[in-house]
Amino acid sequence: MFDVSKIKKDFPIFRQKINGQPLIYLDSAATTQKPQAVIDTLKDFYENHNANTHRGIYQLSERATALYEGAREKVRQFIGARELEEVIFTSGTTESINLVAYSWGRKNIKPGDEILITEMEHHSNIVPWQLLAKEKKAKLVFLPVADNGLLKVDEFDKLLTAKTKLLAIIHVSNVLGVVNPLKEIIAKAHTEGIPVLVDGAQAVPHFSVDVSELDCDFYAFSGHKMLGPSGIGVLYGKKEILEEMPPFMGGGDMIKEVTKQDASWNDLPWKFEAGTMPVAQAVGLGAAIDYLKEIGLENIWQYEQELIAYTWDKIKTVPGVTIFGPSPKEAKERCGVLAFNVSGVHPHDIASIFDEAGIAIRAGHHCAQPLLERFGVKATARASFYLYNDKAEIDKMIETTNKAYKIFQ
Amino acid sequence: MRTSDLYREEIIDHAKNPRNFGKISQPDLEHKENNPLCGDEIEIQLKFDHKKCVYQVAFHGEGCSISQAAASMLTEKIKGKSLSELEKLSSQDVLDLIGTPLTPARLKCALLALEALKKGLKDFSKQ
C-alpha cells in the first residue's frame, strides 16, 4: 500500500514552512529531496567510516572501499547491468555524457560524420556533442518532435544515414514528460551498427530501467534526482566498448603504473575514476536505491501516473493555461512533469506567485532551449512530481494557477 | 488565500500598460541589457536637451512583470533629470519605486533597466 503521508514523514525538509505555509515541493525534475535514511547514511559514513578508497592498507580504508564498491553493486543490480566493470561513478549525468563525448567521441568521430540527437534533449546531451562536432568537423542532426510533444519516430529511418556514428537520446523529457520508445529505437540503430547513448536522468528515479534489456551502449543518470546526494552519478557502458576507450581524466587511481614519460591504465571501472571520488555520496546513492526498492518503483510509477492524470484534468480547466507535452491519454507512458504557461503571465511571475503560496516550481527554459524554441516560447512554468507529493498539494497548485491568471487579468 | 504582496496594483498596472514603451528615432544614448536566466530583455533610449537633461525617453523589450514594470517606472522617474542626476541613481532608488521586498532572483529582473541605463551612460560619457 502506497502511503504518501507516511512517505512524506521520511523527508525532514517538509517540516519547514515557506511564507508561513507548508512547503509544497514541485521541482523534483530539478533535484529531489532526501529521505532521512540517505541523510543518516552520509552522516554515518563521515562519523564512522571515512577514509580514501583503494589506497589504505589500514582497516578504515578497507571499510570505506567496501562501502563504495558495495554501492556500485547496488547500482549494478538496480539498472540490470551484467558486470560491475560496466558501472562507472561520475559526478552526474553531465559528466557521464561528457566522458563519452571526450573519450569515445574523440576516438571514433571523424570529419563529415553525423551525431543524431533529438529536439527534446537537455543541454547536457546537446552541448558536449556540439563541442565534439566543432572539434571534429562533424554534424549534429536532430530527430524532430511533433506538436503533441512525442518524438517523430517515423522520421528516424530517414535521418539514420551511412554518416551517422552515434545516437544520443533522452529517455524521459524533463519538459514534456514524454517517455521515448527506446527499445524499438535502439534496436533500429543497432541494425545499422550505430551505438546508442541514453540520458536517463529523468527515467531511473521514476520507473524500473534495465540497461541489458534496453541493449543501450551507454546510459547516464544522476544520484540527486533519485533521492541521493548531489555530486554522484553513473555512466553505464557496455564492457567491450569501455575497454576500447581511452581515459577521460588522468590522475590518481586510474593508473596501473606511472613512469616519468608514460602510464598504463587501471582496469574497468577505475580507469574512468580519476582522483578521489565522491565516496560518501556514492554510499548515499546506495542508500537511496535501498529506499526506492523498499517503496517499490512499480508503486512509485503507478502513483505518479495517478498524480499526473489528476493534475491534467484539473489544470486544463484554469483559464488561459497552455500545457506542453502529450495528455496522459495521448501518451501511453508519461512521467510526472508538467510544463505550462498562463496567458498574460510571464513564467517567472507564475513562479513568484507560487512561491508566495509556499510552492516551489521551476520557471525558465529548463536547460532545453532548442525544445522551447521548437514550441515558440522562451520560457515556461514547470511542476514536477515525485513520491512525496499528494493531491491536496496539486489542489493548492491549481488554486494558485487560477490566482496568477486573475492577478494579471 | 492571501492577496499577493509582490504584485501590488501599481506593479501590475505598469507591467500591463508600460509607460514610455516604444522606440525613439536617433537617440543620443541607447543600450540593451538582458538577463540570460529569465530571458528578460530591455533596451533603453534617451534624448537630451541643450542643458543635457532628459527630454525624451523610451524603452522596449520583453520579460517578466517585474522587469517591465521597473523599466516603466524608471523611465517616468528620469524624465527631465540632468546627466549628473542620472549618474547618481542607485539600485535603492529603483527598489523604492517597486516598493515591495524582492527575492535575490527577482532583484536582477528589477534592476535590469537601471543596468541598461548605467551602461548606456558609461558609453555616452566616453563619446
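**Reading the sheets, helices and contacts**

Modeller: Gladly! In chain A, an open sheet is built from 4 strands in the order β13-β14-β17-β16, with antiparallel pairing. Keep in mind as we go that this is a predicted model.

Colleague: Thanks. Which strands stand at the edges of that sheet?

Modeller: β13 (321-324) and β16 (362-364) of chain A do; each has a single partner strand, so one side of each is left without a neighbour in the sheet. From one strand to the next, the twist averages 30°.

Colleague: And how should I read the pairing itself?

Modeller: The general idea is that strands of a sheet pair through backbone hydrogen bonds, either parallel or antiparallel. Here, β16(A) pairs with strand β17 (residues 380-384) of chain A in the antiparallel sense over 3 bridges.

Colleague: What is the strand order in the open sheet of 7 strands in chain A?

Modeller: The order is β4-β10-β9-β8-β7-β5-β6, and the pairing is mixed. Its edge strands are β4 (87-90) and β6 (139-143) of chain A, each pairing on one side only. On average, neighbouring strands of this sheet are turned by 20° against each other, direction ignored.

Colleague: In which sense do β5 and β6 of chain A pair?

Modeller: Strand β5 (residues 114-118) and β6(A) pair in the parallel sense, over 5 bridges. One place to check is T118(A), whose bridge partner in β6(A) is L143(A). Packed on the sheet you will also find helix α5 (residues 127-136) of chain A, which touches β5, β6 and β7 (164-170) of chain A. The direction of α5 makes about 145° with that of β6(A).

Colleague: That brings us to helices. What do I need in order to describe a packed pair?

Modeller: Two packed helices are described by the angle between their axes and the distance between the axes. Let's stay with α5(A): helix α4 (residues 93-108) of chain A packs with α5(A) at an angle of about 20°, with their axes 9 Å apart.

Colleague: Why are α4(A) and α5(A) called roughly parallel?

Modeller: Angles under 35 degrees count as roughly parallel, and the angle here is about 20°; α4(A) and α5(A) are therefore roughly parallel to each other. The crossing in which α4(A) passes α5(A) is right-handed. On the α4(A) side, I97(A), N98(A), A101(A) and G105(A) meet P128(A), W129(A), L131(A) and L132(A) in α5(A). By class, that contact has 6 nonpolar, 2 polar and no charged residues.

Colleague: At what angle do α12 and α14 of chain A pack?

Modeller: Helix α12 (residues 347-356) and helix α14 (residues 391-408) of chain A pack at about 125°, and their axes are 10 Å apart. α12(A) and α14(A) are therefore oblique to each other, and their crossing is right-handed. D349(A), I350(A), I353(A) and F354(A) in α12(A) meet T400(A), K403(A), A404(A) and I407(A) in α14(A). This contact of α12(A) with α14(A) has 5 nonpolar, 1 polar and 2 charged residues.

Colleague: How do the axes of α2 and α10 of chain A cross?

Modeller: The axes of helix α2 (residues 36-49) and helix α10 (residues 279-295) of chain A come within 8 Å and cross at roughly 150°. α2(A) passes α10(A) in a right-handed crossing. Among the residues making the contact are V38(A), L42(A) and F45(A) of α2(A) and V283(A), A287(A) and Y291(A) of α10(A). By class, the contact of α2(A) with α10(A) counts 10 nonpolar, 2 polar and no charged residues.

Colleague: Let's zoom out. What domains does the assignment give for chain A?

Modeller: It gives domain 1 (4-30 + 296-408) and domain 2 (40-292). The C-alpha centres of domain 1 and domain 2 of chain A lie 28 Å apart. Their contact takes 25 residues from domain 1 of chain A and 22 residues from domain 2 of chain A.

Colleague: Which element supplies the largest share of the domain 1 side?

Modeller: α11(A) does, with 5 residues of the side of domain 1 of chain A that touches domain 2 of chain A. The residues of that side divide into 15 nonpolar, 3 polar and 7 charged.

Colleague: And how many residues does each chain bring to the contact of chain B with chain A?

Modeller: There are 14 residues from chain B and 14 residues from chain A. On the side of chain B that touches chain A, the residues divide into 8 nonpolar, 4 polar and 2 charged.

Conventions:
Residues are numbered from 1 along each chain as its sequence is written. Chains are lettered from A and ligands numbered from 1 in the order in which they are written. This is a predicted model: local features need pLDDT of at least 70, side-chain atom pairs count only at pLDDT 80 or more; totals for chains, interfaces and linings use all residues. Two residues are in contact if their C-beta atoms, placed from the backbone, lie within 7 Å. Ala, Val, Leu, Ile, Met, Phe, Trp, Tyr, Cys and Pro count as nonpolar, Asp, Glu, Lys and Arg as charged, and the others, Gly among them, as polar. Domain bounds come from an automatic or database domain assignment. Helices (H or I, at least four residues) and strands (E, at least two) are DSSP runs, numbered from the N terminus. Two strands pair if DSSP finds at least two bridges between them. Axes are lines fitted to C-alpha atoms, for helices over the stretch in contact, and angles run from 0 to 180 degrees between N-to-C directions. Angles under 35 degrees count as roughly parallel, over 145 as roughly antiparallel, 65 to 115 as roughly perpendicular and the rest as oblique. A crossing is left-handed if the near helix is turned anticlockwise from the far one by less than a right angle, and right-handed if clockwise.
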